[in-house]
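Could you walk me through this structure in the viewer? I would like to know what to select at each stop and what I will find there.

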Amino acid sequence: MSDLLKGNFDTAKPVVDNSEDGQTLEQRFEKEALKKLGGSIAFVAKQEVVWGDEDAEQDD
Amino acid sequence: MAKILFINPVVREEDDPRHVPYGIALLAAIAMRDGHQVQVYDENAWRKGPEILKQVCNADRWDVIALGGITTAYGSIKNIVRIARDECPQALIVLGGGVLTSLPREMMGFLPQVDVGVIGEGFITLPEILQKVDAGEHDWENVDGTISRNSDGGLVISAQRALLEDLDSLPYPAWDLFPLEEVYFPNSQVLFSEEGMLAKRRLDINASYGCSLVCRYCYHLGIAGDMKYAPDANNELQVSFDEPGNYSRSIRYHSPEYIVGLVKHAYEKYNLDFVGFLDENLMTMDQYSKRTWLKEICRLWKENGLQPTCIRDGVEHDEHCRGVHWSGTSHATLCNPETLKIMREAGCSHLIYGYESFSPHVMKTIGKGATPKTNMRSFFWTLESGIRPIPNQIIGFPNEDFQAIYENMDAWKKLGIVVKPFFATAYPGSEWFTTYRNWIVEQYDGDLEKYIQDLGDATRITAVISHNFNAVELLGLRELMMNFDYKRIEEYEQYWRRNHNIPDGAPSTIFQDPVKNKAKKAANIRLAAGNSGSH
């Protein structure tokens with residue numbers, strides 16, 4: 001149970017948020033790093049990674 | 001009575017949520033005052049994503065789902081209305097705020113899920129829509145200030161909604177319906193002043209509506225008297241805003257009693273330590289009131305025990321300070337030392353100044369009514385009063401040139417200004433947008449929606465309206481300006497002059513005023529027509 005909806009009556013159904021804050025640790029880290037981006041602060045956006053890149057495999 | 005769900009869309013996703021949406025908080029209070037059943041889901045505060053939004057949509061059988069925001073919330077609004085329509089086919093989806101007001105027909109086209117748009121101020125329009133919902137009526141064309149769809153799918157704009165004259169008739173915002181303790185108070189900090197930095201329980205209020213000035217880049221959300229309705233060639237009503245040489249303004253402000261009463265209420269209820277005035281320009285109101293408004297607010301602030309104790313006792317501010325510090329917006333030409341001193345005494349910590357530029361020829365073209373000289377004068381007056389002036393700057397004005405760049409760097413050096421300027425951005429509803437719309441849309445492959453989706457808070461470059469510099473040049477020049485790298489800028493100027501065939505000593509510009517050119521062209525056409533008539 002959460003308090004995501006706020007109003008002057010009780011809704012028919014509750015809104016249930018099972019995640020701690022709606023973001024994974026990975027998302028939280030990448031968001032915080034993005035705010036300080038520059039110089040030595042660089043990071044891999046894991047959701048953007050293209051796995052199995054053909055060029056990289058050929059180099060191997 | 002109608003069951004209404006307000007949704008606050010995400011804005012400035014790159015930053016933490018910092019501001020309770022004042023308009024939605026007022027509209028929620030109005031709806032509750034009128035006896036409706038109200039819930040608020042603050043998507044901007046929670047940022048929980050589509051699954052939670054679907055749950056919210058299914059938490060009850062909503063009669064109305066209402067949302068709104070500024071233009072930069074468009075991307076989030078688009079996602080929300082898609083989900084809301086899928087999950088709640090029975091609900092009336094109502095969109096308002098600057099995003100709709102600035103481009104009503106275009107927005108209704110981009111967002112087919114929206115049933116009714118509220119153009120301009122919603123304080124009277126939304127309650128009238130809710131009355132219709134209660135009555136089971138759908139004749140939105142009879143509710144002033146709306147845009148809706150007829151049975152053929154065509155768009156219908158109703159008569160223009162008059163602005164609310166008695167602002168003090170508004171209830172206090174329904175702050176309780178927003179996650180203050182969970183989200184907003186933890187994000188109270190505003191890095192504009194020492195007091196703002198230490199703020200732990202901040203709320204924002206809006207004490208006035210409108211601004212007397214005609215800055216070319218500014219847009220007033222349809223609440224400043226700048227909005228005009230007129231039929232086009234097809235006799236369809238169109239909504240327009242500032243155009244070159246065609247301005248109108250309405251100045252409205254709450255009484256000092258309402259403002260201080262609201263702050264005292266919030267201080268006692270939420271233990272506030274900081275209030276941010278969201279007003280477009282506090283000084284406009286003060287001048288309009290013949291310099292009585294701010295003085296009276298400050299007097300009542302102190303009389304009601306809101307003056308910060310650090311100021312009362314003449315000690316440095318720290319976490320033990322009681323009372324309410326505050327901030328707002330000022331204007332270089334409209335402020336004066338006496339008012340600034342009174343404001344500081346009442347707890348004002350910083351004032352945002354849109355100085356924009358310290359270049360005389362740029363300042364002349366932006367409609368601000370200020371000059372580099374008044375910028376500097378107000379800068380020192382504000383510092384002397386003990387208030388921090390926040391010297392906002394813009395790069396990429398239509399006539400920005402190398403001379404302006406050097407003049408700005410010289411001023412920053414002299415005044416100790418540390419700044420990363422905004423990029424000149426033509427938001428829909430501004431005069432710049434009216435003037436440069438075609439060029440802007442060209443930069444987005446003819447797709448206006450792409451431009452709207454790309455718009456942010458002007459710290460990132462979007463469409464360029466500079467005649468002299470492209471996006472790459474502006475990005476590089478801004479970086480070099482911040483480092484006071486005169487040498488590299490001068491070297492680039494030589495390269496730029498060769499590219500544009502402009503010799504040393506001549507003004508470094510290819511700017512041609514589009515407004516003057518349009519007038520000149522029209523005069524030539526009239527002259528030609530007159531000549532042909534005489535033959």
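Predicted model: local features only at pLDDT ≥ 70, side-chain atom pairs only at ≥ 80, totals over all residues.

**Stop two: a helix in chain B.** Now select residues 256-270 of chain B, which make up helix α10. Its 15 residues reach 21 Å from first C-alpha to last, close to the 21 Å expected at 1.5 Å a residue. Show the side chains next: which residues of α10(B) are buried? They are B:P256, B:Y258, B:I259, B:V260, B:L262, B:V263, B:A266, B:Y267 and B:Y270. For their cover, display parts of chain B including α1 (22-33), α8 (180-184), β8 (202-205), β13 (274-277) and α12 (293-303). Then step just past the end of α10(B) to B:N271, where phi is positive, at about 60 degrees.

**Stop three: a surface patch on chain A.** Move to chain A and select A:V44, A:V49 and A:W51. Together they form a nonpolar patch on the surface with about 360 Å² of accessible area. Zoom in on A:W51, in the loop between α1 (25-35) and α2 (54-59) of chain A. Is A:W51 buried or exposed? A:W51 counts as exposed because its relative accessibility is 75%, and the cut-off for exposed is over 50%.

Conventions
Residues numbered from 1 in each chain as written. Chains lettered and ligands numbered in written order. Heavy atoms only, no water. Helix = DSSP H or I, 4+ residues; strand = E, 2+ residues; numbered from the N terminus. Expected span 1.5 Å × (residues − 1). Buried < 20%, exposed > 50% of the residue type's maximum accessible area, 1.4 Å probe, protein only. Contact = heavy atoms within 4.5 Å. Patch = residues over 30% accessible without salt bridge, like charges linked within 9 Å, V, L, I, M, F, W, Y side chains within 5 Å. Areas by Shrake-Rupley, 256 points an atom, 1.4 Å probe, with all protein chains shown as cover. Salt bridge = Lys/Arg side-chain N within 4 Å of Asp/Glu carboxyl O.
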